[in-house]
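Me: I am new to this structure, and I would like to learn how to read it step by step. Could you walk me through a few features?

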Amino acid sequence: MALKKYVATRLVTMFGVLMITLFLTVSLVGSNMDTILKQGVVFQVRGEITADPSIANSFSSTEEFEEFIQSQIDQRIETLGLDEPWYSPQRIGLTMYKILILDFGNATFLTSDAGSTDVKEIILEKLPRTILLFTTATIIISIIGIFLGTLSGSKVGSVLDRITSSFAIISSSFPVWWIGMLMIFLFAFVYQIFPARATPAIPPSDPDYVFSLLYHMALPVITIVLIGFGAWAYLVRNFMVGIMQEDFITSKRVMGISRKKIIYKHALKNAAPPIVTILALSLSGSLGGAIITEAVFDWPGMGRLYFEAITVMDLPIIIGATYILTVFFLISIFIADLLYGYFDPRIRTGQ
Amino acid sequence: MSISPQEIKGEFLKSKMGITGISILAILVIISFTAIIAIPSETFSEWNNPTNWISYPKIAIPGWVNLFMSEKIPEHKIIENPFETTETLGDISVISHQFAFNFNYDFFPNDFIYEFSAQYTGTPLLEIIVVRPDGLKLELLSTSLPKSDSLTVHKERIFSTDDSIRKNLSLQFEKFEFSLENLSAEDIVFSNTKTHHPLKGNYVYLINLYGIDTQNKISESKLIVGGKAFGIMGTDELRRDLAIGLLWGTPLALFIGIVVAIASVAMGLLYGVYAGYKGKKTDEVMMRFNDVIYALPALPFLIILSVTISNSIFVMIGFLTIFGWVGVAKVSRSMALQIKTRGYIDAAEMMGQKKSKIILRHIVPQLLPYAFASIAISVPAAITTEAGLSFLGLGDPSFPTWGQILHDANVFGAASRGLWWWIMPPGVMIAITGLAFVFIGNALDVIVNPKLKR
């Protein structure tokens, strides 16, 4: 029962966060968005009227014609509800509802590779690439981290342990994107092994596209792994150190079970819950970092889309991408919370 | 839980990590003060003004690289304060400026530029002659300045690419034993006469201004011999001296990091202690709010805020604080919950002391050691986040931060062009500054949380 209540409160909080994020985003970009929408209407109406020369010919003077266009624009703005200020409750409510059902409208400048200006299509095209890059990197990081952490945790004070700990501290204070620039310098300029730009040069329709994508992915993955695994190993090491001091491990040792078996079968099993929880959390954290990392490597994913959208102030994309990033962030926090609640007997039994 | 400041100091000085951290920090503080005193603040506000950097070279490698090179790269020379003489020959007055310098490199310079501002009447004659180490005298230019009947000030830059310089040099072809065709002025002036290789030694540039008015004057006289190496840190694509940017970045990074850390820890501490001490409904509501802020995706939000509201450094500090206090609040709350149950708090309550006084006098001081450790630990995050935002091009354009230098480097593709002196130093500085605080924080953490001692 307690677990259900815990899940319910979490869900409510998450939904609240989502709504607050939406509200904040909409109110921050609202006035700019309003101008863009109105300009869009003007452009559209003018286009429609000038497309038919007979309308222009039916007016005797340009003033009258202009007046007609203006009245048409005003009419269109009114039917769309744009005559009310953007901060009116109906407008904000409508905008939030539209975003909630993933209707982001059309992008102002950017297009997808296929040429579509629909924000949803653009995001759907970029999202899988970001997930591919960061999931791959996180899986590699966690495998190396768990292995290295277990090793150094079982030999506290050894050379390996000290190297791992200091590497963790040092690597965590380097910005990933800077290491990225160094990697480009090293592997794309000094030793020309990998391409500097991570965007594959061939179109997605080409059958070799997948291989090209994987080849271009190598440098970003190496960079993310290099910066990330130290901290992971350090965390796993600390869990292991704590567990290796527990009584049940000592008693297993007294029973004569081999050290290797104790470490990999019993200790690691008990360290698993917090590790899994952190795995879920670090996935969400890496998504936020994706914006800068992808900008460095020119990886054609969500992060670069976001970066490009900021540079040209493409608001529909900014809103859409923020929403999607938030949803992913919240889902992974929620999963982490659930796992934590599931593994923590105090929450499970309601104490 | 309660440790006296003396104990903390004693323990801290025993920790190698703490000492290293403090030493790095001390060096950074010294650099900051040097930057503030030595580099006038006008320079950094001119960081993004291209005209300020016009006499500097483009993407020049740091000067010290020559120490490790067998073939020396020409250093960029900006020669000011020439040796001045004024002579009068009958009606004619001659002002001459002499620029002497040593050219000791294995490659030709990029170019040379003579920059001056002359005050004159009439049409004075400007003559540029170079005297080379082998004694050869090359006439580069002999031109009259624009006619003026009244006293006027004329500013000009004469570039080595000037057509009349090329023409004058090709007229002196018999002095060289190789064809001068398609060679630029600097390739001829700095070349051996026998083969087309750089001639090392002392060169003298002679600038003569002939006029009939004795009031004639040359001021702001400057000779630039363009090279591919410059200063301690080199220059970037926009000709900016990277040493100045890096130096100025230090106080800025420290300022941003420390202010954000102190503000967010203070905020989180008070928030958490208040929630924990009050308890019940207040606690519940405050912690829910805390959860909400915790779950906001910080980076996208910071980006939107800086795009829509302002990218001023001071506003940015406020935004970073908003996302920084959450973790501290959670820990302070649970610590306050523990302290609340102690006898002396009950006693203070029974004596009828005000709640604010109990919080500030009896609970907060207990948390101070933890607060100091958290401040040190949150500085690197603040610095890297600001650097990251600047890297995306969202930094305050009136202050050159390390992140902005890296942003420009990325825009101009420095990494794939191999311009290591543009990308290495700013990142190293960010990392070193972060490390200093991580070391201090970890050392303090071990003292404050005895659980970590093993």
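Me: Let us start with strand pairing: which residue in β3(B) stands opposite B:Leu89?

Reply: Two strands pair if DSSP finds at least two bridges between them. Here B:Leu89 stands opposite B:Ile92 of β3(B). Strands are DSSP runs of E with at least two residues, helices are runs of H or I with at least four, and both are numbered from the N terminus. This is a predicted model, in which local features need pLDDT of at least 70 and side-chain atom pairs count only at pLDDT 80 or more, while totals for chains, interfaces and linings use all residues. Residues are numbered from 1 along each chain as its sequence is written, and chains are lettered from A and ligands numbered from 1 in the order in which they are written.

Me: How many bridges join β2 to β3 in chain B, and what lies in the turn?

Reply: Strand β2 (residues 83–89) and strand β3 (residues 92–103) of chain B run antiparallel, joined by seven bridges. They make a hairpin with two residues between them, and B:Gly90 in the turn has a positive phi of about 65 degrees.

Me: Which residue is the bridge partner of B:Asn102 in β8(B)?

Reply: That partner is B:Asn202. Strand β8 (residues 201–211) of chain B runs antiparallel to β3(B), with 11 bridges between them.

Me: Now helices: how do α11 and α12 of chain A cross?

Reply: Two packed helices are described by the angle between their axes and the distance between the axes. Axes are lines fitted to C-alpha atoms, for helices over the stretch in contact, and angles run from 0 to 180 degrees between N-to-C directions. In chain A, the axes of α11 (residues 302–312) and α12 (residues 315–343) come within 9 Å and cross at roughly 145 degrees.

Me: Which residues meet there?

Reply: Residues are in contact if their C-beta atoms, placed from the backbone, lie within 7 Å. From α11(A), A:Leu305 and A:Ala309 are among those that meet α12(A), whose residues there include A:Ile318 and A:Leu325. The contact divides into nine nonpolar, no polar and no charged residues. Nonpolar means Ala, Val, Leu, Ile, Met, Phe, Trp, Tyr, Cys and Pro; charged means Asp, Glu, Lys and Arg; the others, Gly among them, are polar.

Me: How many residues does each chain give to the contact between chains?

Reply: Chain B gives 35 residues and chain A gives 38. On the side of chain B, α15(B) supplies the largest share, nine residues. That side divides into 23 nonpolar, 10 polar and two charged residues.

Technical notes: Two residues are in contact if their C-beta atoms, placed from the backbone, lie within 7 Å.
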